[in-house]
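My entries follow in the order in which I looked.

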Amino acid sequence: MKVAFASDHAGFELKEFLIGYMESLGYECVDFGTHSTESCDYPDYAHPCAKAVESGECAFGVAMCGSGNGIQMTLNKHQGIRAALCWLPELAALAKQHNNANILVLPARFINREEAVKILDAYLAAEYEGGRHQRRIDKIPDF
């Protein structure tokens with residue numbers, strides 16, 4: 001299964017760590033950048049990540065910037081994306097269960113590696129519940 005990854009400079013080190021973690025679990029990771037800690041603009045990496053998830057090239061994505069807000073806002077400009085900013089495992093599970101989030105967003109400057117793994121594991125373990133939640137998801141796109 002392919003997973004899209006994106007970050008800005010603030011999320012670079014956490015992104016690199018999580019790619020290694022996901023590869024150790026058997027996932028194929030597609031890294032849309034950034035590729036260093038040099039200052040950069042998160043939309044340059046968020047848009048290709050979102051397009052890969054929207055098109056089905058990647059099953060889901062993981063993205064991060066300093067607070068998680070900027071990259072999440074950019075990702076959610078794409079109609080087929082439901083990017084959820086999560087800083088606790090419980091939020092990640094609910095994002096998948098109730099919102100069928102297809103990109104997990106992490107606040108890189110506010111969580112450590114251990115917390116990031118717990119959040120990612122909760123997201124991976126959760127399953128979308130459908131039902132009443134689908135009705136709400138169907139109302140998200142603004143066509």
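I looked at strand 3 and found both of its faces covered, with Phe60, Val62 and Met64 buried on one side and Gly61, Ala63 and Cys65 buried on the other. Buried here means under 20% relative accessible area, exposed means over 50%, and partly exposed lies in between, with a 1.4 Å probe and protein chains only. In a regular strand the side chains alternate between the two faces of the sheet.

The model is a predicted one, in which local features need pLDDT of at least 70 and side-chain atom pairs count only at pLDDT 80 or more, while totals for chains, interfaces and linings use all residues. Residues are numbered from 1 along each chain as its sequence is written, and side-chain values use heavy atoms, with hydrogens and water left out.

Next I looked up the neighbours of strand 3, where pairing requires that DSSP finds at least two bridges between two strands. Strand 1 (residues 2–7) pairs with strand 3 in the parallel sense over 5 bridges, and Ala4 has Gly61 as its bridge partner there. Strand 5 (residues 103–107) also pairs with strand 3 in the parallel sense over 5 bridges, with Pro107 as the bridge partner of Cys65.

Finally I turned to Glu28, which lies in strand 2 (residues 28–31) and counts as partly exposed because its relative accessibility is 43%. Leaving aside residues up to four places away in sequence, Glu28 touches Met1, Lys2 and Val3, a contact being heavy atoms within 4.5 Å. Glu28 and Met1 are 27 residues apart in sequence, yet their C-alpha atoms are 5.9 Å apart in space.

Note on methods. Helix = DSSP H or I, 4+ residues; strand = E, 2+ residues; numbered from the N terminus.
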